[in-house]
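Hi,

Here's the structure I said I'd pass on to you.

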Amino acid sequence: MFEHVEPFAGDPILALVEVFNADTRSHKVNLGIGIYFDEEGRIPVLPSVRKAEARVVEAGEPKPYLPIEGAANFRSAVQALLFGAGHPVLRERRVATIQSVGSSGGLKVGADFIRRWLPKAQAWVSDPTWDNHRSMFEGAGLAVHSYPYYDPAGGGVRFDAMLDALRAVPEGSVVLLHACCHNPTGVDLTHAQWDVLIPLLAERRLLPYLDLAYQGFGDGIAEDAYAIRRLADSGATFFVANSFSKSMSVYGERCGALSAVCADADEAERVLGQLKFTVRRNYSSPPIHGGQIVAHVLADADLRPLWEAELAAMRDRIQAMRQTLHRVISAKVPGRDFSYFLTQRGMFSYTGLSAAQVDRLREEFAVYLVRSGRICVAGLNHHNVEYAAQAMATVMAG
Ligand code: LMR
């Protein structure tokens, strides 16, 4: 039966974690996967999350199946976080939100919905994008293409080329956009660029599909939701998948959501129904525990400000690591402009390192990053940053 089954080539990000774990060199540095590590190189348990979890456990509630769409308190807290409490799209009940198994689960449910209800739609993703975006849309049966995004020469966005490409894609296409903290480049659209892009998407009748996995890691919770809120203000129909994996450091709890902003309440009800049907056919309903922790943190008058401060501290620590990287590498490789380390946002930085240089970093220096040259800046800390920066500078210099 299974003789013809081919081996899995492995995921470029997750397979690297296994190789890193097997490396016995004590000075090894993991800049591969997009996980926030603290100054001691540990995944933090945020005090806000620990307190919320203790309260959830203390309450000792039963664990029924959640409704297919997830817990009501989680879903409404997510909506307020994304759009801002009281946004007209919420008052008008135009948003269909499901609690999903991480934002990956949400992205895939949305892709399956698109395949079913917009069967001719093609998906357009940025060049480059998170590898799994392509896999998910292809897995749902959509043809996937890319639009120009990152400019390797200048380190910014090829905005004019991006707009030209989006002017030419077939009407009804889905356009995957990173709401903030672009993965893998760390290069975001400015607010002014979003203000140009949003009307173009409407004019061309394209369906924006936003991925918001790093809310709060760019410039702040509301700041990082700029694109979502402006799209909502504009009256657009769009999807947004969001995650709490990074912002609450609850990776393995798989807490995320998918929201569809619709034309009116009746449409939102029907879209929600079909999203539920997709979920029911796949995994029936989401898990209860992590979502209740998230809902508690978001709704509690004491825990919410605590979490916001913890998130700000993670953001600031990443910025401090960016500054050190910039200082050390600029000193060691004179005559080159490394200001991109300072201007990029979120966990990631596209270093421009080639696959051969990445291999050398791993083999000679035990510094791990994915072969695209993306580093997770949040894997740096005061113990390893000088070492990792020196190693990067050495391979860059020759
Ligand atoms: C990453 O890009 O490293 C993270 O989003 C983790 C993942 O699932 O790939």
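**What I found**

Aspartate 300 is buried, with 18% relative accessible area. Keep in mind that this is a predicted model, so everything here is computed from it.

That aspartate has a partner: its side chain forms a salt bridge with arginine 55, at 2.9 Å from N to O. The two sit in distant parts of the chain, 245 residues apart, with arginine 55 in helix H2 (residues 47–59) and aspartate 300 in the loop between helix H12 (289–299) and helix H13 (303–332). Arginine 55 itself is partly exposed, at 34% relative accessible area.

How many salt bridges does the count come to? It comes to 18. A second one joins aspartate 219 to arginine 345, again with 2.9 Å between the closest N and O atoms. This pair also links distant parts of the chain, 126 residues apart: aspartate 219 is in the loop between E6 and helix H9 (221–224), and arginine 345 is in the loop between H14 and strand E9 (348–350). Both ends are partly exposed, aspartate 219 at 45% and arginine 345 at 22%. Then there's arginine 94, which is buried at 11% and pairs with glutamate 92, a partly exposed residue at 41%.

Now the cysteines. Cysteine 180 is buried at 4%, and cysteine 262 is buried at 2%.

Next, the largest pocket. It holds about 630 Å³ of space and is lined by 25 residues, with Leu118, Leu207, Thr237, Phe238 and Glu267 nearest its centre. Several elements supply at least two lining residues each, including helix H5 (102–117) and strand E7 (238–243). The largest share, four residues, comes from H11.

Valine 5 lies in the segment before helix H1 (14–22) and counts as exposed, at 53%.

Cheers

Notes: Residues are numbered from 1 along each chain as its sequence is written. This is a predicted model: local features need pLDDT of at least 70, side-chain atom pairs count only at pLDDT 80 or more; totals for chains, interfaces and linings use all residues. Side-chain values use heavy atoms; hydrogens and water are left out. Buried means under 20% relative accessible area, exposed over 50%, partly exposed in between (1.4 Å probe, protein chains only). On a 1 Å grid over the protein atoms alone, a cavity is a set of points where a 1.4 Å probe fits but cannot get out, and a pocket is an open set with protein on both sides within 12 Å along at least five of seven lines; lining residues have an atom within 4 Å of a point. Grid points are joined across faces, edges and corners, and a volume is the space filled by probe spheres set on the points. A salt bridge is a side-chain nitrogen of Lys or Arg within 4 Å of a carboxyl oxygen of Asp or Glu.
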